[in-house]
Amino acid sequence: MGRLLAGLVLAAGLSLLPALAHDEAAGVLVLADSNGEGPFGGTLYDGLRNLRDPVSGAPLHVLIFAKCGAGASDYVIRERANIDCGAWRCDGGRPISDCHHFRGGFIPDLAELYRDLGTARHVTVVALGLNMIIGDRQTKLADARRLIGALRAQKSACIWVGPPQAGEGFVRVQTFDSFEVDLKRTVTEQGCRYVTSDDKTDRRGFGPGSKDDHYSRPEAIAWANKVLHELDSGVRDALKTR
């Protein structure tokens, strides 16, 4: 009888392990634009996968979703979520070589992305802003506040990675600088940490009057590694309080 009871207790305990593992798991969701579809996003994905949960010591779950042309509104307004010019997703511990670009369909809603991430504790890294410089600024800043509110509703901590410098033909330097000031203020007022990309990228490499807004592979990887240096402590600090 004693052995039977011990066996039942052991079986019950083992049956709880998946649930406990899920409850204790920690992860990072990355929301990005077309820069996230390329080597910048791939380097972020790999770098974040190498981080460990400061609470459990386990590797972090990471899911990145990047959509061409995306701003904050694409992730919170369903009418803007259609994937017309392409997207990239990588998760489930897959190497980036197994994750492919695609076109068509819609960005999954945030609740679905968090379910797919599969963690009760998480941080969201928002790498958006370059496409938000274009258009009415107050509307774009309101979109940022709305996205942060949606992340909070999912009980996620938030770190916003600001836009990289773009060619002067894409956006005037003065416009870029003033937008970043406004975006940083908006994001931090909503309680998110802000990581600037302005000091990690250099538009001069594009040449005078260039309309480029994407960096070469080596430049994008270097940018991502500089961002990861700040995300390392930012993600760990955020997960300690979740």
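**Close-up views of the predicted model**

**Lysine 155 lies in the loop that connects helix H5 (137-153) with strand S6 (157-161).** The structure shown in this and the following views is a predicted model. The backbone of lysine 155 adopts a positive phi of about 60°, although this residue is not a glycine. Most residues other than glycine have a negative phi. Lysine 155 has a relative accessible area of 63%, which is over 50%, and therefore counts as exposed.

**A disulfide joins cysteine 68 to cysteine 85.** A search of the whole structure finds three disulfides, and this view presents the pair formed by cysteine 68 and cysteine 85, with an S to S distance of 2.3 Å. The pair links distant parts of the chain, 17 residues apart. Cysteine 68 is in the loop between strand S2 (61-67) and strand S3 (87-90), and cysteine 85 is in the loop between S2 and S3 as well. The torsion about the S-S bond of cysteine 68 and cysteine 85 is about -115°, so this disulfide is left-handed. Cysteine 85 has a relative accessibility of 34%, which falls between the limits of 20% and 50%, and therefore counts as partly exposed.

**Cysteine 90 and cysteine 99 form a disulfide with both residues buried.** The sulfur atoms of cysteine 90 and cysteine 99 are 1.8 Å apart. The link between cysteine 90 and cysteine 99 is right-handed, with 60° about the S-S bond.

**A disulfide connects cysteine 158 with cysteine 192.** The S to S distance of cysteine 158 and cysteine 192 is 2.2 Å. Distant parts of the chain are linked here: cysteine 158 belongs to strand S6, while cysteine 192 is in the loop between helix H6 (173-189) and strand S7 (193-195), 34 residues apart. The torsion about the S-S bond of cysteine 158 and cysteine 192 is about 110°, so the disulfide is right-handed. Cysteine 158 has a relative accessible area of 6%, under 20%, and is therefore buried. Cysteine 192 is likewise buried, because its relative accessible area of 4% is under 20%. When the bonded cysteines of the protein chain are numbered in sequence order, the pairing reads 1-2, 3-4, 5-6.

**An open sheet of seven strands has the order S4-S3-S2-S1-S5-S6-S7.** The pairing within this sheet is mixed. Strand S4 (101-102) and S7 are the edge strands, each pairing on one side only. S6 and S7 run parallel and are joined by three bridges. In this part of the sheet, tryptophan 160 stands opposite tyrosine 194 in S7.

**Strand S2 pairs with S1 and with S3.** Strand S1 (residues 26-32) runs parallel to S2, and six bridges join the two. S2 and S3 run antiparallel and are joined by four bridges. Alanine 66 can be followed across these pairings: alanine 32 stands opposite alanine 66 in S2, and tryptophan 88 is the bridge partner of alanine 66 in S3. S2 is mostly covered, with six of its seven residues buried.

**Helix H3 (residues 39-49) is mostly covered.** Of the 11 residues of H3, eight are buried. The buried residues of H3 are Phe40, Gly41, Gly42, Thr43, Leu44, Tyr45, Gly47 and Leu48. What covers these buried residues includes S1, S2 and S3, together with strand S5 (121-127). Helix H2 (34-37) and helix H7 (217-240) are also among the elements that cover the buried residues of H3.

**The largest cavity has a volume of about 60 Å³.** The structure holds one cavity of 30 Å³ or more. The largest cavity is lined by Asp33, Asn35, Phe40, Ala127, Leu128, Gly129, Leu130, Val161, Gly162, Pro163, Pro164 and Trp223. By class, this lining has eight nonpolar, three polar and one charged residues.

Notes:
Residues numbered from 1 in each chain as written. Predicted model: local features only at pLDDT ≥ 70, side-chain atom pairs only at ≥ 80, totals over all residues. Heavy atoms only, no water. Buried < 20%, exposed > 50% of the residue type's maximum accessible area, 1.4 Å probe, protein only. Disulfide = S-S within 2.5 Å. 1 Å grid on protein atoms, 1.4 Å probe; cavity = no way out; pocket = protein on both sides within 12 Å on 5 of 7 lines; lining within 4 Å. Points joined across faces, edges and corners; volume = space filled by probe spheres on them. Nonpolar A, V, L, I, M, F, W, Y, C, P; charged D, E, K, R; others polar. Pairing = 2+ DSSP bridges. Contact = heavy atoms within 4.5 Å.
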